[in-house]
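Please look over the protein shown here.

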Amino acid sequence: MDALLLSRVQFALTTVYHFLFVPVTLGLSIFVALLETGSLVTKTYAMRDRLRKLAKFFGGLFLINFAMGVVTGIVQEFHFGMNWSEYSRFMGDIFGAPLALEALTAFFLESTFLGLWMFGWDRLSPKLHCLTIWIVALGSNLSAFWILTANSFMQHPVGYAISNGRAEMTDFLALVTNPYVHGEFGHVLLAGVSTAGFLVLAISAWKLLYDRESRAAFELSLKAAVVYTLVGLMGTMGVGHFHTQYLAEANPMKLSAMEALWETENPAPFTVMAVINEDEHKNDMAIEIPALFSFMLYNKPEGEVKGMNDLHQELVAKYGQGDYYPDVTGLFFSFRIMIGVGGLMAAITALLGLLAWRRKLLDFPIVLKLVQVLFFLPFIANSVGWYIAEAGRQPWIVVGLQKTADAVSPNLTAGEVGLTIAGFTAVYLVLIAVAVGIGFRHIYNTKIAED
């Protein structure tokens, strides 16, 4: 393997690892803030005390996750200088602005007020203390917004001019109002809500089964998490649907690759499953639902959808000879994994909600055990979703402006990259073992008994 491929593998590994923690940070910060807000507005002492203790409990898990997100995120920035210096040279004027704003307006905000929240339980008034966690939630999600602003430019460049061989910003407002940001940020935020909610469900289910002292509290957290998770899942699906419709305009090649649509069709079918032949640019076998893909894009059972072969010819005419097909097989199956996992999460969450509403949670311990075993589902959905976002624009690192092959650092050797991959992997394995160990210890040892 050459330095380019290894650099892509390295960045993919560190990105996916970092993205295990990001959605939990986004969603759990809001959930903890809602718990503490509930403790302020409820008029019953027992409920107020229960919600306050739950906020402390899940806040402890948030702190562990936040620390891991910070450590793994910092590493990624070094990649731009070490592995992708040509990208940094070309994109530094644009990419640097949102990254700087992320540090100044988001990271410092969330880290400062997280400290106040941690140590302010008995020092700040209840209302002021609650405000600190809401500011942490705002900072966490503002951080995601700035990162996705930078990423959205790579997917759909706006507000720039090419000067001296570099992309230079000409319109900051266009950068932050890029239509691509709306779909990406909404999808990531609501995926974070879904991830955190499902994680709370799994933890609450374990406590219900094995911690008799804390059952009242964690029955409450499970009921709250059912609502929270379903809101997140329905929102994620809704925003994802509208963003997919927008892809028909912003990146039709990615869209058609997700559906393995090689030829232009009107109406276009939705392919349930296919045997994809990327060498010959066709499907050897496909199970299709007629007109459904057109309906998904145009809200009616007709409408032309361009196939990858026609789109490829257009790209060759515009940019010159080259291979502009992305990883069709990877995108096709990743999209179906993401949708399938989301549907399974929704079914499990709805079943838990039904049992909770009928007060029969403990009558069906198999369901409580099932959600514990499947706690990893949202992490799978997040990982394949991020793969779709990043792999779908290949061979471009910045669509239409710079190819990935042109962005790698010159004079970088495969041996150097391979050595750092081994080093990062070893360190990350140790970090995740420590984090998971601390998290399990926190869950196991913390009791929320009634006063």
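Asn164 is exposed, because its relative accessible area is 72%. Asn164 sits in the loop between β1 (160–163) and β2 (166–169). Its phi is positive, about 55°, although Asn164 is not a glycine. Most residues other than glycine have a negative phi, and most peptide bonds are trans.

Some notes on the model belong here. This is a predicted model, in which local features need pLDDT of at least 70, side-chain atom pairs count only at pLDDT 80 or more, and totals for chains, interfaces and linings use all residues. Residues are numbered from 1 along each chain as its sequence is written, and side-chain values use heavy atoms, with hydrogens and water left out.

His281 also has a positive phi of about 55°, and His281 is not a glycine. This residue lies in the loop between β3 and β4 (282–289). His281 is partly exposed, because its relative accessible area is 28%.

Two peptide bonds also deserve a look. The bond from Asn266 to Pro267 is cis, with omega near 0°. Pro267 belongs to the loop between α9 (252–258) and β3 (270–277). Gln394 and Pro395 are joined by a cis peptide bond too, with omega about 15°. Pro395 is in the loop between α14 (377–391) and β5 (396–398).

Now step back to the whole protein. How many helices and strands does the secondary structure of the protein come to? There are 15 helices and six strands. These are DSSP runs, numbered from the N terminus: helices are H or I with at least four residues, and strands are E with at least two. The radius of gyration is 23 Å, close to the 22 Å that the globule rule gives for 451 residues, so the protein is as compact as a globular protein of that length. That radius is taken over C-alpha atoms, and the rule is 2.2 Å times the number of residues to the power 0.38. Along the principal axes, the C-alpha atoms fill a box of roughly 75 × 50 × 40 Å.

Buried residues make up 51% of the 451 residues. The protein exposes about 20,300 Å², and carbon and sulfur atoms supply 67% of that area. Accessible areas come from the Shrake-Rupley method with a 1.4 Å probe; for residues, only the protein chains shown count as cover.

Next, the interior. In soluble globular proteins, nonpolar side chains tend to be buried together. A nonpolar core is a set of buried Ala, Val, Leu, Ile, Met, Phe, Trp, Tyr and Cys residues joined through side-chain atoms within 4.5 Å. The largest nonpolar core has 54 residues, and Leu28, Phe58, Leu222 and Leu352 touch the most other members. Helix α7 (residues 179–210) gives the largest share of this core, nine residues. A second, separate core has 33 residues, including Leu247, Leu255, Leu297 and Phe335.

Leu352 shows its surroundings well. Not counting residues up to four places away in sequence, Leu352 touches Leu201, Val226, Leu361, Val367, Leu368 and Val371. Contact means heavy atoms within 4.5 Å. Among contacts between residues at least 6 apart in sequence, 78% join residues at least 24 apart.

Asn65 lies in helix α3 (residues 45–82). Asn65 is buried, because its relative accessible area is 10%. Leaving aside neighbours within four places in sequence, Asn65 is in contact with Phe21, Val24 and Thr25.

Thr25 counts as buried, because its relative accessibility is 10%. Beyond four places in sequence, Thr25 touches Phe62, Asn65, Phe66 and Ser140.

Val417 and Leu5 are 412 residues apart in sequence, and 9.6 Å apart in space from C-alpha to C-alpha. Val417 is placed in helix α15 (residues 414–445). With a relative accessible area of 1%, Val417 is buried.

Terms used: Buried < 20%, exposed > 50% of the residue type's maximum accessible area, 1.4 Å probe, protein only.
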